[in-house]
Amino acid sequence: MRLLSRQSWNPLALIATARTLIRRPGLLVPHVAVSNVDALDFDALRAAGVASIIFDKDNTLTAPYVDTAHIEVADAITRAKDAFGADNCIVLSNSAGSGDDAPDYNAAKACEAALGLRVARHPEAQKPQCLEGVVASLPASDASTVAVVGDRLATDVLAANEIGALSVHTRPLDTKGDNPAALVSRFLENRLLLPLLRRLGAAPPTHPAVADLAHTQPGTALPSSR
């Protein structure tokens with residue numbers, strides 16, 4: 001299936017991850033970790049200075065390669081739009097809206113119709129490389145006021161931390177139907193890489209929202225607390 005090709009094999013993300021581990025390992029550590037999107041308090045995020053939110057799609061809002069919202073997070077999408085406004089909520093996926101979805105972007109259009117959220121088009125590059133351009137398209141284009149929410153360290157968390165956004169890491173919603181490369185990569189990230197980085201004391205870049213969220217986000221696990 002053409003839409004899966006570059007998401008299944010993303011060599012630029014692998015290279016970026018390897019370089020980051022050597023130079024700045026803290027870029028792979030999230031500011032905030034939650035079980036899923038429904039655990040987020042969007043009003044608390046807004047009060048902490050977040051003005052826009054960028055969601056990963058597969059295993060963050062939907063099951064892998066499914067357009068409709070997963071039952072566990074469907075209400076959270078509505079809460080996010082209520083908190084930030086629809087124009088400030090966007091989906092950034094390495095499947096829908098990517099170069100594999102171009103030029104017609106049928107997957108992006110289907111996702112937009114099902115989720116009620118705009119899906120970013122980024123035919124030239126995948127995450128983590130494309131995030132800065134997507135942030136620039138938001139009404140509030142200051143990266144420090146953007147939260148990036150996703151289930152992958154090597155794409156979502158790394159991309160957010162590199163440009164000064166707030167990185168929010170979630171657990172996968174449903175591994176059934178996911179591609180083998182993503183399954184293996186996520187297992188290595190969550191079970192081996194992240195625990196090792198935390199044991200070694202690696203921390204994400206300083207972000208102004210973190211101190212406020214530590215007091216206002218019930219159930220949020222911050223890197224310093226693990």
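Reader: What makes Leu183, Val184, Phe187, Leu188 and Leu192 a nonpolar surface patch?
Author: A patch takes residues with over 30% relative accessible area and no salt bridge; like charges are joined within 9 Å, nonpolar side chains (Val, Leu, Ile, Met, Phe, Trp, Tyr) within 5 Å. Leu183, Val184, Phe187, Leu188 and Leu192 make such a patch, of about 450 Å². One of them, valine 184, sits in helix α8 (residues 180–199). An α-helix has 3.6 residues a turn, so residues three or four places apart point the same way.

Reader: What kind of model is this, and which residues count?
Author: It is a predicted model: local features need pLDDT of at least 70 and side-chain atom pairs pLDDT 80 or more, while totals for chains, interfaces and linings use all residues. Numbering runs from 1 along each chain as its sequence is written, and side-chain values use heavy atoms, leaving out hydrogens and water.

Reader: How many helices and strands does the protein have?
Author: The protein has 9 helices and 6 strands. Both are DSSP runs numbered from the N terminus: helices are H or I with at least four residues, strands are E with at least two.

Reader: Why is α7 called largely enclosed?
Author: Because 9 of its 11 residues are buried. Buried means under 20% relative accessible area, exposed over 50%, and partly exposed in between (1.4 Å probe, protein chains only). The buried residues of α7 include Leu153, Asp156 and Asn161.

Reader: What makes aspartate 38 and arginine 79 a salt bridge?
Author: A salt bridge needs a side-chain nitrogen of Lys or Arg within 4 Å of a carboxyl oxygen of Asp or Glu. The closest N and O atoms of aspartate 38 and arginine 79 are 3.2 Å apart, so the pair qualifies. It links distant parts of the chain: aspartate 38 in the loop between β1 and α3 (42–47), arginine 79 in helix α4 (residues 74–84), 41 residues apart. At 35%, aspartate 38 is partly exposed. Arginine 79, at 31%, is partly exposed too.

Reader: Which side chain does glutamate 112 meet in a salt bridge?
Author: Arginine 121, at 2.6 Å from N to O. Glutamate 112 is partly exposed at 23%, and arginine 121 at 33%.

Reader: Are lysine 57 and aspartate 58 buried or exposed?
Author: Lysine 57 and aspartate 58 are buried. They form a salt bridge, with N and O atoms 2.8 Å apart at the closest. The structure holds 9 salt bridges. Asp56, Lys127 and Asp156 are linked in a network of them.

Reader: Why is histidine 207 called buried?
Author: Its relative accessible area is 7%, so it falls under the limit. Histidine 207 lies in the loop between α8 and α9 (209–216). Beyond residues up to four places away in sequence, it touches His31, Ser144, Gly164, Ala165 and Leu166. Contact means heavy atoms within 4.5 Å.

Reader: Why does alanine 63 count as buried?
Author: Because its relative accessibility is 14%. Alanine 63 lies in the loop between β2 and α4. Outside four places in sequence, its contacts are Asp58, His70 and Asp174. Alanine 63 and glycine 177 are 114 residues apart in sequence, but 8.0 Å apart in space, C-alpha to C-alpha.

Reader: What share of the protein counts as buried?
Author: 54% of the 226 residues. The accessible surface is about 9,900 Å², with 56% belonging to carbon and sulfur atoms. Such areas come from the Shrake-Rupley method with a 1.4 Å probe; for residues, only the protein chains shown count as cover.
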